[in-house]
Amino acid sequence: MKYEIFKTDQQWRDELSESEYQVLRLAGTEREYSGELLEEKRVGTYSCRGCGAELFEAEAKFDSHCGWPSFYKSLKNEAIEYLEDRDHGMVRTEVRCAKCGSHLGHLFDDAPQTPTGNRYCINSVSISFQEQKD
């Protein structure tokens with residue numbers, strides 16, 4: 001897919017930390033319960049760490065007890081790209097930023113306690129949080 005934001009591999013390496021590069025560009029996963037945004041409870045917006053595109057609102061965040069920040073819906077449907085992921089011997093739905101193609105995490109339909117039944121399982125290192133100012 002062609003993305004609105006395109007950077008060479010070297011540009012990504014220069015701009016991202018090693019852990020950000022591993023997740024955002026190589027579809028890695030941060031260690032569960034290690035992410036800085038897992039316990040974030042303030043009102044605000046979560047954006048792609050690669051390009052700044054707004055992805056999730058804090059009101060859609062919930063504690064799924066999976067070890068990564070979880071959201072039940074994206075801010076805008078067009079903000080997320082959905083891809084079939086058959087790695088690790090299972091079929092999952094990978095979620096990427098639709099603006100720059102950065103790997104964010106995976107989408108699962110195993111959250112009946114939410115309004116959508118969905119769980120976006122997102123790596124903290126792939127997103128940034130901006131608190132809403134009153």
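Leu83 stands opposite Glu94 in S6. The two residues belong to a pairing of strand S5 (residues 80–85) with strand S6 (residues 92–97), antiparallel and joined by six bridges. Strands pair if DSSP finds at least two bridges between them. Helices (H or I, at least four residues) and strands (E, at least two) are DSSP runs, numbered from the N terminus. The model is predicted: local features need pLDDT of at least 70, side-chain atom pairs count only at pLDDT 80 or more, and totals for chains, interfaces and linings use all residues. Residues are numbered from 1 along each chain as its sequence is written, and side-chain values use heavy atoms, with hydrogens and water left out.

S5 and S6 form a hairpin with six residues between them. His88 lies in the turn and has a positive phi of about 60°. S6 also pairs with S7, again in the antiparallel sense, over four bridges. Here Val95 stands opposite Gly105 in S7. This hairpin has five residues between the strands, and Gly101 takes a positive phi near 80°. S7 in turn pairs with strand S8 (residues 119–122), antiparallel and over four bridges. Leu107 stands opposite Tyr120 in S8.

Strand S7 (residues 103–108) has five of its six residues buried, so it is largely enclosed by the rest of the structure. Buried means under 20% relative accessible area, exposed over 50%, and partly exposed in between (1.4 Å probe, protein chains only).

Aromatic contacts were examined next. Rings of Phe, Tyr and Trp (its six-membered ring) pair if their centres lie within 6.5 Å; planes under 30 degrees apart count as stacked, over 60 as edge-to-face and the rest as tilted. By this rule there are five aromatic pairs. Tyr46 and Phe129 form a tilted pair, 4.9 Å centre to centre and with 50° between the planes. This pair links distant parts of the chain: Tyr46 is in strand S1 (residues 44–48) and Phe129 in strand S9 (residues 127–131), 83 residues apart. Both Tyr46 and Phe129 are buried. Phe56 and Phe71 have ring centres 4.3 Å apart and planes at 15°, so the pair is stacked. It too links distant parts of the chain, with Phe56 in strand S2 (residues 54–57) and Phe71 in strand S4 (residues 70–71), 15 residues apart. Phe56 and Phe71 are buried. Ring pairs link Tyr46, Phe56, Phe71, Tyr82, Tyr120 and Phe129 into a cluster.

A charge also sits over a ring. The criterion is NZ of Lys or CZ of Arg within 6 Å of the ring centre and within 35 degrees of the ring normal. Lys7 lies over the face of Trp12, at 4.6 Å from the ring centre.

The structure holds zero disulfides (pairs of cysteine sulfur atoms within 2.5 Å). Cys66 is in no disulfide, and the nearest cysteine sulfur, that of Cys121, is 3.7 Å away. Cys66 is buried, with a relative accessible area of 15%. Cys121 is likewise in no disulfide. At 10% relative accessibility, Cys121 counts as buried.

Positive phi values also occur in a loop. Ala27 is not a glycine, yet has a positive phi of about 60°. The residue lies between helix H2 (18–24) and S1. Ala27 is partly exposed, with a relative accessible area of 39%. Tyr33 lies in the loop between H2 and S1. Its phi is positive, near 60°, in a residue other than glycine. Tyr33 counts as exposed, at 51% relative accessibility.
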